[in-house]
Amino acid sequence: MYVCDNCSTVRILKVFLVICLSLVLLQYLINLATYSYVTKFLKDDSYGSHNRSAIGLFFPDVSDFFKNLQSVQEKNVTRSASENLTLPSEPANMTEIVTNIPSGKDDIGNLCPLVPPTLVGALATYKEVLSFEEMQKKYPELQAGGRYKPPDCKSRHRVAIIVPYRNREDQLKILLNNLHPVLERQQLDYAIYITEMAMPTTFNRAILMNIGYTEALKDYDFQCFIFHDVDLIPENDRNLYTCPENPRHMSVAIDKFNYKLPYAAIFGGVSALTKEHMIKVNGFSNKYFGWGGEDDDMMKRIQLSGLKLSRAPIELARYKMIKHGRDKANEVNKQRFNLLYAASKRAKKDGLNSLKYEVVKKEYKPTYTWVYVQVNQKEIMKS
Ligand code: UDP
Ligand code: MN
């Protein structure tokens, strides 16, 4: 009996349709589960109130999608005049750790004021690229190594700024020209460290943070460490470069991301940790070669060690990101998910206590300290 000519085709089509629908349903359920887990995780107040999505912590590629979306939106955004004018007059954080209380009674009267008196708030950032010679002339008060102490009072904060660096000279010049006047006005006892990795090894931002921390401590008893991307330019000098009780994420509002957090658990860009925090979390992981993951790994370490995350106020912690493409020797790290997955397990043995590198050059230049190192990727990944 003739029933249907194309029975097998129809059956195949039906099966295909059922498979497709099941896949869509599965995807939906996974998203739902992830979302409710993430939302629960973010209910903790210490993660700030700027929660939009933390999915990037678990699926960074989704966060890439948001980044791209926002950089498209950003083209139509202009800052309103009121945004520029309404600035709080208090310091960014009143619970700063005072790191430099002098022992002698006479000195106490000379301690710098809690609120630095010459802060101006919102800044017009310098975009021009000065030569290092021009910069030296512009900032004659700097000591060798890009060091500074306020001349009239004893600073409350001993701060090392650590900048992971390779082949971005113009960005470095712009950063130095913008950062020095801000840090001086904040009356910090500080130095800027540029930590650079020799080629051809794939770039490793996190190991350069650990190296900068270690090399800075060889020079001076710094108490607070600000880890700073070279392409982020502060737009407000009330965003204090100091360390509060908990690790602090500082680059909260970046123009590239429309002055919003791209995902709630982000810790990249600019961050501040005390020496005690760094010891407690065993510094950064040394194993992230290439782009991505190392800042999320640090976030896990912070959680694991019982510390909370502090965020600088969104209205002050504003940054411009200098435009750049992806660097050749900093390809997306395909291992980052595997590394992140085992981050908690590794934290105790991968970090400051396993740090290995060779200093090729350490030079105290007029506007910064240059630490040029060689690291052995194979050896680090093996250990
Ligand atoms: N970096 C560098 N040279 C490189 C790659 C990275 O100096 O070839 C440093 C620089 O401080 C930069 C940071 O690592 O700001 C983060 O890298 P990138 O800017 O490429 O990442 P993004 O955060 O913009 O995705
Ligand atoms: Mn960048």
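1. Cys224 and Cys243 are joined by a disulfide with an S to S distance of 2.1 Å, a disulfide being a pair of cysteine sulfur atoms within 2.5 Å. The link of Cys224 and Cys243 is right-handed, with 80 degrees about the S-S bond. It connects distant parts of the chain, since Cys224 belongs to strand β4 (residues 224-228) while Cys243 sits in the loop between β5 (232-234) and β6 (248-249), 19 residues apart; helices (H or I, at least four residues) and strands (E, at least two) are DSSP runs, numbered from the N terminus. Cys224 and Cys243 are both buried, where buried means under 20% relative accessible area, exposed over 50%, and partly exposed in between (1.4 Å probe, protein chains only).

2. On provenance, this is a predicted model, in which local features need pLDDT of at least 70 and side-chain atom pairs count only at pLDDT 80 or more, while totals for chains, interfaces and linings use all residues. Residues are numbered from 1 along each chain as its sequence is written, chains are lettered from A and ligands numbered from 1 in the order in which they are written, and side-chain values use heavy atoms, with hydrogens and water left out.

3. The search of the whole structure finds 2 disulfides, and one of them joins Cys112 to Cys153 with an S to S distance of 2.0 Å. This pair links distant parts of the chain, 41 residues apart, with Cys112 in the loop between α5 (105-108) and α6 (132-138) and Cys153 in the loop between β1 (147-148) and β2 (158-165). The torsion about the S-S bond of Cys112 and Cys153 is about 90 degrees, so the disulfide is right-handed. Cys112 is buried at a relative accessible area of 2%, and Cys153 is buried at 14%.

4. Asp231 counts as buried at 4% relative accessibility, whereas His324 counts as partly exposed at 36%.

5. Around ligand 1 there are 14 residues, the closest being Pro164, Arg166, Arg168, Val230 and Trp291. An oxygen atom of ligand 1 lies 2.7 Å from a backbone N or O atom of Pro164, and a nitrogen atom of ligand 1 is 2.8 Å from a polar backbone atom of Arg166.

Conventions
Near = heavy atom within 4 Å. Polar contact = N/O pair within 3.5 Å; in protein donor to acceptor, adjacent residues only side chain to side chain.
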